Amino acid sequence: MAKEIKKAAVLGAGVMGSGIAAHLANAGIECYLLDLDGIQAAKFGLIPELTDEDRAKGLTEDTPEFRNKLAQMGIDNAVKSKPAAFFTKSFARRITAGNYTDHSEWLGEVDWIIEVVAERIDIKKKVYENVEAHRKPGTIVTSNTSGILLKDLVDGRSDDFKKNFMITHFFNPVRYMRLIEFITGPDTDREVVETMKAVCGNRLGKGIVYAKDTPNFIANRIGIHGMMALLADTKGENLTVEYVDKILGKPIGRPMGPFRLSDLVGLDTLMHVSDNTYEYCKDDEDRDKFQAPPFIKQMLEKKLLGNKTKAGFYKKEKVDGKKQVLVLDLDSLEYRAKEKVRAESISAAKNMPPEEAIQYLCVDADDDAAELVWKAISATLVYSANRIPEIADDIVNVDNAMKWGYNWALGPFETWDAIGVDEVIDRLEEDGRDVPEIARKVMEKGGGKFYDFKDGKRTYFDVATESHKPIEQADGVIVLKDRKTAGAVVESNAGADLVDLGDGVFCVEFHTKMNAVDEDIGEMLIKGAEYAEKNGRGLVLHNEGDHFSAGANIFMVAMLAQQKAWDKLDAVVKGFQDANMRLKYATVPVVAAPFNYTFGGGAEMSMASDAICGHAELYIGLVEVGVGLIPAGSGCSQFLLRAKDVVAAQALRVNRINPGLLPIAQHAFETIAFAKVATSAEEAKKIGYLRKTDRYVMDRAQVLGEAKKMVLGMADGYRAPERPIYHLAGEGGRLAIEYAVDQFVLKGTISEHDAKIACHLARVLTGGDAHSTEPVTEQQILDLEREAFMSLCGEQKTMDRIQYMLTKGKPLRN
């Protein structure tokens, strides 16, 4: 049985400690954040000593404001951090700052104590002595150490401490990185593990991997090995930093190349992990690769650590008055301009999925870039294979660690399969390199695959039994890819599939580039609603891409506008409006399950659904203004209803019974005209994209399953909503907004074209020609949306904005 965690204490208010505390607050867990008291912190130079100005304000060394300053600084830094540590800044109130000297008795109140102090065993042991003196028996204690062995951490501790102790290694930034590594000891109680599994998985939304008690655990052991091997090879083979990063980043399914990653993490941090491996992994066959080459030692001496010192392998400088990114020459350790990197194989692989790109680069391509890819990837494949079962019992934990901790598209063993296990073995033998025993076992007893799909389940090759075993999924988790492999697709076109989730619930899954909305997706939304009405109980909108939807296919919009195919463009826009209305008035419940980027059309179809069950990391917004347009797929009409709810709630908080019609139009206008994007699902509720009745889930893997549960919960006795009648601000409201727009133009805050877009939007949101006393139908607003959209498509400056967005990936102001 898992224990309930109501309150926690985080010990250490640095970047990681404050980040963990912030994410606990995001999950609704109140916590204490403790660090050194003010006198100790000032002694070590962590905070400034009291100044005369401070004393004039009445501060003394005994004042709580001074004594808790280090911990409070951690909270304040988390509030100001970019990317944001909190879902909403108000959640910072869930954290109480304190210090070890005055507030260690607080440790007796909490259910979970997380140690996040410096990576020194002597400091950690001193902290644990204090914890033991104040915690109540049975309180769970975990360490966030990135590499110190658990057996060393608990040495000398009591039996109760050992029983309730384990390592929970978060990755930075805590809110955004899915990985958490669990390391347990021989004395760790099973109830402690189950409790941490429940709180870290379900409440904090983390992806859990189970690592052995070995130096640097899984992700850093493998990730740093690959980086250290490349550092030496780059210098030895006279390769350039920008060349290696260009080849070994996005083309092979990784978010950035190794040198950019080093700058992000910090060269000193990287070397700390590397040194730890070298010191403690004496039997590692690649141990020598963890020794820093001479030029790295010089960089450390020069403090060229990366982003934290504003200079590492890259450096931003002004050259001739323009900002420019310079790159480090590894011979001279001087900065120079970046060189253009061109490689035929990389260009050919650019638009391939990661599995195909890696297979092509390692097997079919034949140039220097492809050779570098093979050398780097094969080193990781061999090293990872040789670590089983040293660092983990199975390949699934290793693959998940690299995907969730380093954001690789494919884990090492998934990469073996993508290339082909037989292909990798053949090439290793051609190179005269040793083939890992596990790879030969897979060829002999695993059908030549590390992963397979049998009896409706994805399986993995288990080293212990030398056979394939099903991958266990958490209760309620639905994997669309597995459902599709099992033959659950009931309708399909080029842009979307309709997938049977079981129990009479179906899912419209779209798979265009960036899941941009096109005619195929609109068609499948309508088919999905019809099919669910005839054959089931409800519908979910979801996919397993990186983002729910980046919005409308603006390339298609631009192409039709440039061809002056106005009737066709109008039909496309009307078609998407009709698809959203079909969802909204279906006779079965429809639940949208959005996540990450949910822009424009993605937001519109979400708002057209009966309910939203999103991921906590939901960045939703009506952003059409950025390309010179307004929402026209029902975004204006849907958001007006939500704006009414937001304004009513605000009025209630200040005891105002009737706020009037203008504030509704103003809130909708400000949200859409300024293309406000929520930075979390919680913030989306405050803006109004999500309603109070909508919900969000911390673990993205559970979003689809929870959305399905919502559909089933709504299905019995479901009735489609009645069509709303709008009461809008009318001409008076429109003139008020237009006056504000004119003031922005006069101040130079917006351009004349911005003003034109704003006036079109104001007209839609206030009901067009209707007076404020006249009721307005939903269809009238839809027609106004489409009319404004079509008018703006005829503007050359709108086309310029779309073209700029397509080529540069960011909005143009004109």
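## About the model

This is a predicted model, so local features need pLDDT of at least 70 and side-chain atom pairs count only at pLDDT 80 or more, while totals for chains, interfaces and linings use all residues. Residues are numbered from 1 along each chain as its sequence is written, and side-chain values use heavy atoms, with hydrogens and water left out.

## Helix α1

Let's start with α1, which runs over residues 15–26. Helices here are DSSP runs of H or I with at least four residues, strands are runs of E with at least two, and both are numbered from the N terminus. From first C-alpha to last, α1 reaches 16 Å, close to the 16 Å expected at 1.5 Å a residue (the expected span is 1.5 Å times one less than the number of residues).

How many of the 12 residues of α1 are buried? The count is 11, with buried meaning under 20% relative accessible area, exposed over 50% and partly exposed in between (1.4 Å probe, protein chains only). Among them are Met16, Ile20, His23 and Leu24. The buried residues of α1 pack against β1, β2, α5, β3, β4 and β6. Gly28 follows the helix, and its phi is positive, near 85 degrees.

## Nonpolar cores

Leu24 turns up again in the largest nonpolar core, where Leu24, Trp112, Leu541, Met605 and Tyr689 have the most contacts inside it. That core has 128 residues; a nonpolar core is a set of buried Ala, Val, Leu, Ile, Met, Phe, Trp, Tyr and Cys residues joined through side-chain atoms within 4.5 Å. A second, separate core of 110 residues includes Leu107, Leu304, Ile377 and Phe413.

Leaving aside neighbours within four places in sequence, Leu541 is in contact (heavy atoms within 4.5 Å) with residues including Val508, Phe548, Met605 and Ser609.

## A three-stranded sheet

β12, β13 and β14 form an open antiparallel sheet in that order. Strands pair if DSSP finds at least two bridges between them; β12 and β13 pair over four. Lys454 stands opposite Lys457 in β13. β12 (451–454) and β14 (467–470) are the edge strands, each with a single partner, so one side of each has no neighbour in the sheet.

## Gly626

Finally, Gly626 lies in the loop between β22 and α28. Gly626 counts as buried because its relative accessibility is 17%. Met805 is 179 residues away from Gly626 in sequence, yet their C-alpha atoms are 8.5 Å apart in space.
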